[in-house]
Amino acid sequence: MNATKDLLSGCTTFRCSFESQWGQRAKGITSMVAVYFPKKFFAYCHWWNSVTSKKCGYIWKRVPAKLVPLLLANYSFNDHPIHFIEVSMDSNERLSYNSVKKYQRHPGCTAITLVPAGGKGMFPSRNACPYGVYKFLEVGIVEVDNIKIAWPKRAHDQQSIPLAEIVELNAEDEDGIYISKIKIRNVSSYKAAYTTLEPNTQYTLVAAGYATYR
């Protein structure tokens with residue numbers, strides 16, 4: 001063992017911790033991409049290495065359309081957009097783009113991001129490993145710029161709620177400023193504007209919703 005350490009002592013890869021290597025990789029992530037071929041496959045890519053041409057991601061076959069929003073939410077990073085491309089093929093085997101959209105988790109989201117388990121399942125969890133499993137941060141994959149890769153402790157499936165909520169970004173959205181939809185519109189949960197807003201003060205609208213009350 002000592003001879004091996006001496007042999008590797010001059011190796012820059014050996015001298016640089018995996019945590020440092022992951023930190024540099026995570027800082028270079030700007031966005032993600034997912035491709036969906038209805039009734040064929042769903043593929044996502046967390047990042048692409050321009051030096052080795054290796055991609056970090058996975059492909060699942062025969063993914064139903066109703067499951068796509070859940071996968072986009074669970075496998076996207078906080079504060080980073082994910083480009084979603086839906087494709088189809090005609091009788092002449094020519095591909096066409098059905099839609100190209102961009103989604104992102106809500107601002108301020110601190111939820112974890114999934115990566116497939118050893119069996120490449122869509123819904124990994126620590127409890128699903130009978131012999132135990134290390135947490136990602138214990139092997140150097142720590143939080144970097146609000147990117148947190150982890151598995152939830154408890155088991156979950158396609159009926160579970162998403163780990164995070166995502167919204168579609170429009171072309172006119174700039175600097176990550178967009179308006180999310182308020183789903184719970186209980187009048188008792190909000191205050192009237194005149195009781196909280198200050199005159200001659202500029203505010204940013206981040207969420208909106210409407211409902212009819214008597």
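The dialogue below reads charged side chains and cysteines in a predicted model.

Q: How many salt bridges are there by the distance rule?
A: The rule asks for a side-chain nitrogen of Lys or Arg within 4 Å of a carboxyl oxygen of Asp or Glu. Here the count comes to 2 salt bridges. One of them joins the side chains of Asp-145 and Lys-27, at 4.0 Å from N to O. Another joins the side chains of Asp-90 and Arg-94, at 3.2 Å from N to O.

Q: Are Asp-145 and Lys-27 buried, partly exposed or exposed?
A: Relative accessible area under 20% is read as buried and over 50% as exposed, with partly exposed in between. Asp-145 has 47% and is partly exposed, while Lys-27 has 53% and is exposed.

Q: Where do Asp-90 and Arg-94 fall on that scale?
A: Asp-90, at 33% relative accessibility, is partly exposed. Arg-94, with a relative accessible area of 52%, is exposed.

Q: What is the nearest side chain of opposite charge to Arg-105, which is buried?
A: A charged side chain can be checked against the 4 Å limit for a salt bridge. For Arg-105, the nearest side chain of opposite charge is Asp-79, 8.9 Å away, and Arg-105 has no salt bridge. Arg-105 lies in strand E5, which covers residues 95-105.

Q: With which side chain does Arg-105 make a polar contact?
A: The partner is the side chain of Asn-78, at 2.8 Å. The side chain of Arg-105 also reaches a backbone atom, the oxygen of Ile-112, at 3.0 Å. Buried Arg-105 thus has no salt bridge, but its side chain does have a polar contact with Asn-78.

Q: How many disulfides does the structure hold?
A: A disulfide is a covalent bond that joins the sulfur atoms of two cysteines. The structure holds 0 disulfides.

Q: Are Cys-56 and Cys-109 buried or partly exposed?
A: Cys-56 is partly exposed, at 22% relative accessibility. Cys-109, at 14%, is buried.

How values were computed: Residues numbered from 1 in each chain as written. Predicted model: local features only at pLDDT ≥ 70, side-chain atom pairs only at ≥ 80, totals over all residues. Heavy atoms only, no water. Helix = DSSP H or I, 4+ residues; strand = E, 2+ residues; numbered from the N terminus. Buried < 20%, exposed > 50% of the residue type's maximum accessible area, 1.4 Å probe, protein only. Lys, Arg positive; Asp, Glu negative; His and termini not counted. Polar contact = N/O pair within 3.5 Å; in protein donor to acceptor, adjacent residues only side chain to side chain. Disulfide = S-S within 2.5 Å.
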